[in-house]
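Let's take a friendly walk through this model.

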Amino acid sequence: ALPAREARTAGRSRDKVDVLAQYLQERGHSKEQLHMVVIGHVDAGKSTLMGHLLYRLGQVTKKIMHKYEQESKKLGKQSFVYAWILDETGEERSRGITMDVGQSKFETATKVVTLLDAPGHKDFIPNMIMGATQADVALLVVDATRGEFETGFESGGQTREHALLVRSLGVCQLGVVVNKLDTVGWSQERFQEVVGKLGAFLKQAGFRESDVTFVPCSGLTGENLVSPPSEDMLLQWYKGPCLLDVVDKFKSPERPISKPFRLSINDIFKGTGSGFCVSGRVETGMVQVGDKVLVQPQNEGAIIKALSIDDVAVQVAYAGDQVSATLSGIDMQNVSVGYILCDPTQPIPVTSHFEARIVVFDTKLPITKGYSVILHHQSLLEQAVITNLVAQLHKSSGEVVKRRPRCLMRNSNAVVELQTSHPISIELYKDIKELGRFMLRVGGVTVAAGLVTQVSKLTVILF
Ligand code: GDP
């Protein structure tokens, strides 16, 4: 593979066409990025499955695994040994539940997959939402055990809710792991039964049949995770891909390199020389040393004096890169975490009023007109009010079921208008996905997540 970073550090800034050509060449040599969230009912076996997968892929050393085995034996919880790989703190371990979205990476033949682990425990749903808002694709895990699949699938179970949630947040591709097939003697009939029931529901929920793949597995025994089945009873009827191949076959999202430049600032610090530094992810487009940028919503210009990735100086950074940029021509006081650096010729919209499609989660009180929330957009936190309930939508078809509803109950989908207390930089979801999603929280609890559908009072000021 081409040493991407060295190539980037070489030479002075060139025009955008050259930079794009170089990017495409580099990309031809490297694996595609994929963000995956794992969803499903509590106890479906999500942690065990992903932990075992990481272990089989060599992401966990024998030594650490041995330590986990010893510890789990001591506590009499051997069956949790793989799930522990994803759990970080001792407290979670002794309670036997996963709490945080623990990020882990693994590779398939063509992809680097960032795993956003979604715990299934009801109390911790907000963490799953965080994962879901960042996901390109989802793995839905269901327990094939007789009675258990039904519990998760019925109303009150999380199988349907999670599938609807990721679909509402823009995820189209789904891998369905029909898990714990060891508990039903690798029965083809049971597999087909689950595929039949779930398949019909997913179709109704708006997933295209060609974007959904069912795969029989056992997270506990490791069957069909990273290599074809070895179990005779499964081999007799299953000729399809293993889980790793299902993940490899997902279509990666286009890295939005040709879109206008956007970087969302998540840290600001004093540099060594003159000027100061901001760091964050290049969400779209690219940026070079020497570029003029606009800092929004402040509407002030700045110059990129230097760029670095992992403390190595580079001349150019692309969508998907986490970078530090040294800025000059702007006062450090005028820049805040949550602000966006953008291309001054195609700036990000700035507004304090917009319309969005939201999914309502667990709220104690129904959402009514005038409901106050904290809007989380990238690293920005902003006080906001839901000023209008435009329509309630059908959860799976997305059709309007009621115009101007008086309130929104938990688990409903709706179109609402929001007013923020200060102007913010935000994109339409259809233009730039990464900057068109947000979450609404109240008292530290996520009450809704949404996609921006209309921005009013567009402020476009040229640099
Ligand atoms: P999560 O809540 O979805 O993360 O589920 P866990 O991974 O914590 O698993 C819940 C329980 O199911 C644990 O006791 C696991 O040992 C058990 N389990 C997980 N996967 C399998 C499997 O493939 N086969 C069997 N028989 N049990 C499993």
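Which residues does Leu-243 touch, not counting residues up to four places away in sequence?

## Around Leu-243

With contact meaning heavy atoms within 4.5 Å, Leu-243 touches Leu-49, Leu-53, Leu-139, Val-177, Val-215, Cys-217, Asn-224 and Leu-225.

## About the model

This is a predicted model, where local features need pLDDT of at least 70, side-chain atom pairs count only at pLDDT 80 or more, and totals for chains, interfaces and linings use all residues. Residues are numbered from 1 along each chain as its sequence is written, and side-chain values use heavy atoms, leaving out hydrogens and water.

A nonpolar core here is a set of buried (under 20% relative accessible area, 1.4 Å probe, protein chains only) Ala, Val, Leu, Ile, Met, Phe, Trp, Tyr and Cys residues joined through side-chain atoms within 4.5 Å. The largest has 67 residues, and Leu-243 is among those with the most contacts inside it, along with Met-36, Met-50, Phe-106, Leu-198, Leu-202 and Phe-214. A second, separate core has 25 residues, including Ile-358, Val-360, Leu-389 and Ala-448.

## The ligand site

The ligand is surrounded by 17 residues (a heavy atom within 4 Å), the closest being Asp-43, Lys-46, Ser-47, Thr-48 and Asp-182. Helix α3 (residues 46-56; a DSSP run of H or I, at least four residues) gives the most to this shell, with three residues.

Polar contacts are pairs of N or O atoms within 3.5 Å. Ligand oxygen atoms lie 2.7 Å from a polar side-chain atom of Lys-46, 2.9 Å from a backbone N or O atom of Gly-45 and 2.9 Å from a side-chain N or O atom of Lys-180. Taken alone, the ligand exposes 580 Å² (Shrake-Rupley method, 1.4 Å probe), and the protein buries 86% of that.

Definitions and conventions: A polar contact is a pair of N or O atoms within 3.5 Å; within protein, one must be able to donate a hydrogen and the other to accept it, and residues adjacent in sequence count only if both atoms are side-chain atoms. Helices (H or I, at least four residues) and strands (E, at least two) are DSSP runs, numbered from the N terminus. Buried means under 20% relative accessible area, exposed over 50%, partly exposed in between (1.4 Å probe, protein chains only).
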